[in-house]
Amino acid sequence: MDDRDKILTQLAEERWRVSLALTLAMMFIYFGFILLVAFNKSLMGSLIIPGLSWGILLGALVIISAWVLIYFYVSWTNNYYDRKIEDLIKD
């Protein structure tokens, strides 16, 4: 295997690790929310302020966390992964 193939293999492994870490983070957040809904209804239904319960707040945070994780992945891809690929193409 030459150097370009080794670098490409390392990049593919890094992309896999980042994708897996972000996927596991999203699964933990999502399934944690679902488990709270299923097993702790009293907490999820309790009001923080009038008109806002923990369930609604945490549901919104699940959606926002998905956006944050997507932003992190796109940012990492644009700033790191794509530049490394461009460097390989130029060589």
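The following legends describe close-up views of a predicted model.

View 1. Helix H3 spans residues 54-90 and comprises 37 residues. From its first C-alpha to its last, H3 reaches 52 Å, close to the 54 Å expected at 1.5 Å a residue.

**View 2. The buried residues of helix H3.** Ten positions are labelled in this view: Gly55, Gly59, Val62, Ser65, Ala66, Leu69, Trp76, Thr77, Tyr81 and Leu88 are buried in H3. The partners against which the buried residues of H3 pack are helix H1 (3-39), helix H2 (41-45) and strand E2 (52-53).

View 3. Serine 65 belongs to helix H3. Its relative accessibility is 15%, so serine 65 counts as buried, the cut-off being under 20%. When neighbours within four places in sequence are left aside, serine 65 is in contact with Met26 and Ile29.

**View 4. Helix H1 and its buried residues.** Helix H1 is built from 37 residues. The distance from the first C-alpha of H1 to the last is 53 Å, close to the 54 Å expected at 1.5 Å a residue. Leu11, Val18, Leu22 and Phe33 are the buried residues of H1. Their cover includes H2 and H3.

**View 5. A nonpolar surface patch that includes tyrosine 30.** Trp16, Leu20, Leu24, Met27, Tyr30, Phe31 and Ile34 make a nonpolar surface patch of about 710 Å². One of these residues, tyrosine 30, lies in helix H1. With a relative accessible area of 40%, tyrosine 30 is partly exposed, because this value falls between the 20% and 50% limits.

**View 6. Glutamate 13 and valine 68.** Glutamate 13 is a residue of helix H1. Glutamate 13 has a relative accessible area of 42% and is therefore classed as partly exposed. Along the chain, glutamate 13 and valine 68 are 55 residues apart. A separation of 22 Å lies between the C-alpha atoms of glutamate 13 and valine 68.

Key. Residues are numbered from 1 along each chain as its sequence is written. This is a predicted model: local features need pLDDT of at least 70, side-chain atom pairs count only at pLDDT 80 or more; totals for chains, interfaces and linings use all residues. Side-chain values use heavy atoms; hydrogens and water are left out. Helices (H or I, at least four residues) and strands (E, at least two) are DSSP runs, numbered from the N terminus. The expected span of a helix is 1.5 Å times one less than its number of residues. Buried means under 20% relative accessible area, exposed over 50%, partly exposed in between (1.4 Å probe, protein chains only). Contact means heavy atoms within 4.5 Å. Patches are made of residues with over 30% relative accessible area and no salt bridge: like charges are joined within 9 Å, nonpolar side chains (Val, Leu, Ile, Met, Phe, Trp, Tyr) within 5 Å. Accessible areas come from the Shrake-Rupley method with a 1.4 Å probe; for residues, only the protein chains shown count as cover. A salt bridge is a side-chain nitrogen of Lys or Arg within 4 Å of a carboxyl oxygen of Asp or Glu.
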